[in-house]
Amino acid sequence: MVDVLMAILVAGFTSGALYALATVGLSLVWGSMGMLNMAHAAMLTLGGYVAFTVITSLGLPIAIGFMGAILVGAVAGAILYFAIVRNLLKNDKSTFEANVMIATVGIGIALENAILLTYGGQPLKQPVSIAGTFRVGPLTLPWQNLLIIAVVVVMMVVVSLALGRTRMGRAIRATAQNRDAAQLMGVAVNRVYLQVLMLSGALAGICGVMVSSMTQLSPPLGNDPMLKAFIMCVVAGLGNLPGAVAAALGLALLESFVQYALGARWGFPSLLFVVIAVLIWRPSGLFGRAEIRRM
Amino acid sequence: MTKTRPMSRSAMSRSARTDLVISLVLIAAAIALPFLVDSRYILGQIVLALFYATIASQWNLLFGFSGIFSLAQMAIFAFGGYATAMLCFYFGWNVWAALVPGALGAVLFSLVVGLACLRLTGVYVALLTLAIAQTMYLLIVTDTECFVMVGSVCRQFTGGAVGFARFGDLGTRALLRAQWLVGNYAIIAVLFALTMVFTYAIVKSPIGLAFRALKDNPDYAVARGVNRFQAQLLVFGISAFFTGLAGGFYAAHFQAIGPGVLSMSQLMFIIAIVVVGGVGTFWGPLVGTVVLVLADELMRESGEFRTLGLGLIIALSVVLMPKGLVGRFGDLVHWLTRRRAKLTDAKPIDSNIVQSPAPAGK
Amino acid sequence: MGAAAKPPVLQLDNIVSGYDGLDVLKGISLTVHAGEFVTVVGPNGHGKSTLLKTISGLVPLRAGQIGIDGQRLSGKPHETAMLGVAHVPQGDMLFAQMSVLENLLMGAYLAPDKAEITRRLDEVYALLPKLADRRNQIASSLSGGERRMVGIGRGLMMGGRILLIDEPSLGLAPLIIDQVYGVIAELSKAGRTVLLVEENPARVEDLADRLHLLDDGAIVWSGKPAELMARDELLATYLGG
């Protein structure tokens, strides 16, 4: 009985950690830019494949593979900014939200297919993994899960420090809270957007590496985590980072339990049920702020 | 906020006249088409394109006119198709009898979706509808329990990953033998035409104005007496009828329906059609369908690059042509009209064109 | 004042700006010299806020020129800030989820180094001791008057050549308004250059060096505040007595 409970909890916490990482990237971009990055899934996948290429094809150490994923993710974010976001920002502000969603959908599809064309559709094994388990008392825990949780915790701390303690982080938060006021203080908001997209891209890269180490590497890898991360962001209220992390953990545990109790296919529907219920009760999410709209 | 010039009577009929002329030309072309096209493949692709255009026109009603970014369009389409197929499969109904009930089922489904989204805006609607569509897809694809045994084959309730087949057809094979495809084409073309007429009527009616108010300035509209909830449910319901009906006809035409219609790439194609054609314009979905289906055919040669190309087209269209092809064309006409007016010193009267000031200091 | 040698801190030449299709400002010209306290008064909706927003860049300029110390402004808000325009906007526009201290630190975003930031912070705390007490409190939990003080403090943290203050009395009780204007009087005495916008000219009667009356996007009268207060017909026509 305890074994089963542990297994569920471990699975829940691990996927929770992964979703939390994906969620932070999304929430950051949404909170500071009002942009829903539908290409996030593809950027996740890209990170996984970059790590794979660096380690397997180039034969470099795992740490370099990791770095590669982060770097390429950041570059992808930058490209996204220069090619798409910057141009769309010049247009009518009221259509930005929808337009950027559609444009990033297109980029996401294109990127996923570019990956498919380059690597083929066959699932690949992500070399960033540790086999084996270790025992703590009566419990057996796989190293891999511990690694994932550890990596995610480290990343959370890094992001949290970056946002909370640095000048750049403060500028990002200021832009998210009041864009006009931030500009009055001398913040070049366009540069903030670039920074946020690069940061989000880097996070997506790491997330992709970790997700693919649990499952396998395949072109549609990022789609499922991204959609679930979206749901978690929405449940928390888009733009609320700590809330999103909490929602990610909570929902991941819920998913884990439901999958055990009712079968794997009911995992996702249970998340859907929660998000519908939350949105009916609180249309801006659990911790979200309802925006005051000017007429 | 946008300002519309007051319309004079002659101006109103001018835009309506243009639409009428275009419609007549299209009807003529549609009638002539089967006589001009020899290849079965091409005719079949045209029928498929008509389906796309129908769905796109309804999504345009939802998103383009009313500003509701719903990603559940294919789910509603599929619901209609599945409902029709299942009525025929399980109850032995004739396809023609099952079509309207299937469409009504889709309307009910859409109303439920609309209810769930009632207090939501923008991004939240997109996410919720996406999640609903994805759930529907997953529930169908992971359905493995045997519901009925057909002969020695296990069939799932929702058809599972295989879907439904051999539940009936439109009757054209029996009637027209070898020319059945032309018959189907005629039926689907009529469906599309009806959809467009109906949509036109809605858009030009007070209901249509209410929808536009939803999009342009929701709070302002509410202050003016437009019941936002009612309008939102109405547009969800109305846009679902023809979408669901198209789903039923789709199942009947192909004599099969499966979870493939719920795939992301199908949804993206519809979105791309509307975006490329021109979001919120009447003819946009048709123009978009023609352009993208042609592009798709041309890219068919390059096989694998097709989806890649599609994704890039979507992204580039949004960035470079936010108003779509019809929007651009409208701008061009407006510009030409203004130039001509300046030359003849007459005041230009355009009812279609919205007055927008030159952007300052950019 | 030896204003002839140096260019004025702020110079507006026939500026035109507005929203959507309308022009709100229809050709405004005025100057502010170093150390001056200039006020613009006028009925609501006639462009006072728009004036400050145009100077700081939140509203794009359609015609005319704005100069800071003789240098022409590009119109982009963050560049304008870099040239020394510190705009304390209407309604505060604080960073609601940040603490008082973080709001102040954001004011010093462009400050060159930590030492300078500390120096400015000390100055602001000296002028506004309540902010020091509440430095870790989240901005959204402050009272109206406290928020106004944070807004002014944040503007002061910018250093800046000129302080643009937009309706500091808005939405506050009279007693609190007194306190706010007390602070403004002090910073003016300390030598800050101020361009203030206010609905009620009585408040600035003793503070302002010069006063402009803005009506329907144009300046209809300029002079000393005392002069305006003596002109009943102006008060009646434009400011409702």
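The paragraphs below lead through the interface between chain B and chain A of a predicted model, and then turn to the confidence of chain A.

The size of an interface is often given as the accessible area lost when the parts come together. Here, the area buried between chain B and chain A is about 3700 Å², and carbon and sulfur atoms account for 78% of this area. On the side of chain B, B:Val123, B:Tyr124 and B:Leu127 together supply 17% of the area that this chain buries against chain A, which is more than any other three residues provide. In terms of residues, the contact draws 40 from chain B and 43 from chain A.

As for polar interactions, three residue pairs are in polar contact across the interface of chain B and chain A, counting pairs with both residues at pLDDT 80 or more, while the rule finds zero salt bridges there. Several helices of chain B take part: α5 (122-141), α9 (218-223), α11 (264-277) and α13 (305-320) each supply at least two residues of the side that touches chain A. Of the elements of chain B, α5(B) gives the most to this side, with 13 residues. Sorted by class, the side of chain B that touches chain A consists of 28 nonpolar, eight polar and four charged residues.

The confidence of the prediction also deserves attention. Chain A has an average pLDDT of 87, with 97% of the residues scoring at least 70. Over residues 291-295 of chain A, however, the pLDDT is below 50, and this stretch has six contacts in the model beyond near neighbours in sequence. Where pLDDT is low, the predicted coordinates should not be read in detail.

Definitions and conventions. Residues numbered from 1 in each chain as written. Chains lettered and ligands numbered in written order. Predicted model: local features only at pLDDT ≥ 70, side-chain atom pairs only at ≥ 80, totals over all residues. Heavy atoms only, no water. Contact = heavy atoms within 4.5 Å. Buried area = accessible area lost by both parts, 1.4 Å probe. Salt bridge = Lys/Arg side-chain N within 4 Å of Asp/Glu carboxyl O. Polar contact = N/O pair within 3.5 Å; in protein donor to acceptor, adjacent residues only side chain to side chain. Helix = DSSP H or I, 4+ residues; strand = E, 2+ residues; numbered from the N terminus. Nonpolar A, V, L, I, M, F, W, Y, C, P; charged D, E, K, R; others polar. pLDDT = per-residue confidence, 0-100.
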